[in-house]
Amino acid sequence: MCSIAFINTLLARFFGGEPENDEESEAVQAPAPPPEPEPAPVKAQYEIQLSPEHPVRRLWDLSCHYSGPMPGPELRLDEQTSEELTEADANRELRRLQLTVSSSASERLSRIQPKLDEAAAAQLPPPAFDAKVAVFFSSDNLTAWVLAYPPLGEGAALSRGILDKALAENRVRFGLDEALLDSLPDNPDRYFHFFPVARGQKPVHGVDGYVVDLFPRTMERAVKPDEQNRVDYATLDFVHNIEKGGVICKIIQPTKGVHGRTVQDQAIPAKDGRDPSVPKGRNTEVSEDGCALLATSAGHVEFSGRTFQVRPLLAVSGNVDFSTGNINFLGDVSIRGDICCGFTVRATGNITVGGVVEAATVEAGGDLVVAGGVQGDNQAVIRAQRNIFVKYLENCSVYVRETLHTDCIINCDVYCDSVIEVRSGRMTVIGGCIRAATELNAGTVGSRAECRTEVILGGRPCETFDYDLLVREIRELEQEMEKTEKQPDSPNKLSRMSKMRMQLLINKKKLEQFTKERDPSLKEGETGEEGEAPKASPRRRMICDTVYPGTTLTIDNVITRFEDRLSPCRAALEGGKIRLI
């Protein structure tokens, strides 16, 4: 019968093509062998290394010589102990055990060897030695191992009684593994092996208590423009209202520690968890069960320093007008409507205005948020000791100690001790005088009509203005007192003079304090104590997309005037000159 290979050869010769190789085709069609499984990671085994001259090895040799072959010695830590200890701790435990095992085996050998030598010299059978159990402890006394030495001659083999006696002599009473002790006398590897026969109980330390805040400790004062670069200032509400009895934060109490026990039934003390530091401040109290910090009055929650406090909150549902009168409040003020022309709102905390501010005076000891903007009519005065967030500013005077965020500034007198950000909405600064300590960041500065716009960077504008205003008030008071003294004596004159003297004394005290703060030795860039390096001055710069002619820029008394349109523009002081990019 012709083979398949011969037939394939004939077909290829008559019809063309190469003859098929059966072996190659079978190899191609054969399924790929399944991948070999990855070997399981080998667990570290910590074992005492025994040299041929080690006492344990010598005892094993004697036992094999007189009693026949037996499993070799293996003195390794059990699996549970190996998993609980780090590699460094396990090796340290092995070194400690090696010393105690060597001492125990040497003592056993010193008793047997002389008797064997005497028996061998007298040609007598080996003396009888019962099996012996040595007990070893872990460094923390939480584990007890036994190592059994085999009997010699007619000595008694390992039994539960021998085990119990050894454990009793070493006062091992807690955590005994009764099943292991019962089965150990019949275990083929009962001799020259470590067996964990008792385990203690580790102490469980208590968990420290902690506080879960329900109100933020730090207020994020940043504007977030939308996809069209618009900011909804109505959503910038920095007032966190709370009712009386409301929960400010939850207090998680610490847990008690659970004492442990050694294998010798000795207590291991556990630490109790520490009490949490409760941020209890003004107008707050801890609940009776100690699990919450509560508000004792309605108001605004604020974290100040290390504690939460509830500050009074004045909520005005409508406008500030003749129905409310002027507002002077020790706390936070929230106004849903407008602040109408001619009225004054002062607060030691934050002020939030849902509408617009007309030709009014607004002074905030914290942040000021005006969702609708300011239409000042050259009479509005806006002050804030922290930040101002306002939709637009028109024809008003603005004083802000920290950052000013707005969409537009038109014909305003601005004093800012930090950064002015005009990077949302129209992003326009037109007319007026803009004073900032470090930076002006805007889209457009000036106008096509070359409206006069002045930008001054450097110093501390608000502090300088307050100082100049105080000096002017003192001068005017002194002049008024001179005029009043020339008038005829009268009760009205005495009353006015008394008030002016008191006001003059107060203003001079303020001026004295200002003078100390403005001491040249404490100014930025000046040296402090002798030998100290001078402090680095903050970088002052103007960044804008477009600046138009008619704009004047002053940085640290260095002036430049823009005669042409520049787009984009980045101006900073370098080498005593203003460098434009």
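Which residue in β12 is the bridge partner of His300? In this predicted model, the partner is Arg311. Residues are numbered from 1 along each chain as its sequence is written. Because the model is predicted, local features need pLDDT of at least 70, side-chain atom pairs count only at pLDDT 80 or more, and totals for chains, interfaces and linings use all residues; side-chain values use heavy atoms, with hydrogens and water left out.

The protein has nine helices and 34 strands. Both are DSSP runs numbered from the N terminus: helices are H or I with at least four residues, and strands are E with at least two. Of the 581 residues, 41% count as buried. Buried means under 20% relative accessible area, exposed means over 50%, and partly exposed lies in between (1.4 Å probe, protein chains only). The exposed surface comes to about 33,200 Å². Carbon and sulfur atoms supply 50% of that area. Accessible areas come from the Shrake-Rupley method with a 1.4 Å probe; for residues, only the protein chains shown count as cover. Among contacts (heavy atoms within 4.5 Å) with a separation of 6 or more, 46% link residues 24 or more positions apart.

Strand β11 (residues 299–304) runs antiparallel to β12, and five bridges join the two. Two strands pair if DSSP finds at least two bridges between them.

Rolling a probe the size of a water molecule over the atoms shows where empty space is left. A cavity is a set of points, on a 1 Å grid over the protein atoms alone, where a 1.4 Å probe fits but cannot get out; lining residues have an atom within 4 Å of a point. Grid points are joined across faces, edges and corners, and a volume is the space filled by probe spheres set on the points. By this rule there are two cavities of 30 Å³ or more.

The largest cavity has a volume of about 70 Å³. Its lining consists of Leu59, Leu62, Ser63, Arg108, Ile112, Tyr149, Pro150, Pro151 and Leu152. Helices α3 (55–67) and α5 (87–121) are the elements that give two or more residues to this lining. The largest share, three residues, comes from α3. Seven lining residues are nonpolar, one is polar and one is charged. Here Ala, Val, Leu, Ile, Met, Phe, Trp, Tyr, Cys and Pro count as nonpolar, Asp, Glu, Lys and Arg as charged, and the others, Gly among them, as polar. Ser63 sits in helix α3. Ser63 is buried, at 6% relative accessible area. Beyond residues up to four places away in sequence, Ser63 touches Gly68, Met70, Pro150 and Phe192.

The second largest cavity has a volume of about 50 Å³. Arg383, Ala384, Gln385, Tyr399, Val400, Arg401, Cys462 and Asp466 line this cavity. Two or more of these residues come from each of β21 (373–384), β23 (393–400) and α8 (461–485). The lining comprises four nonpolar, one polar and three charged residues.

Arg261 lies in strand β7 (residues 260–261). Arg261 counts as partly exposed, at 27% relative accessibility. Gly200 is 61 residues from Arg261 along the chain, yet their C-alpha atoms are separated by 5.4 Å.

Conventions
On a 1 Å grid over the protein atoms alone, a cavity is a set of points where a 1.4 Å probe fits but cannot get out, and a pocket is an open set with protein on both sides within 12 Å along at least five of seven lines; lining residues have an atom within 4 Å of a point.
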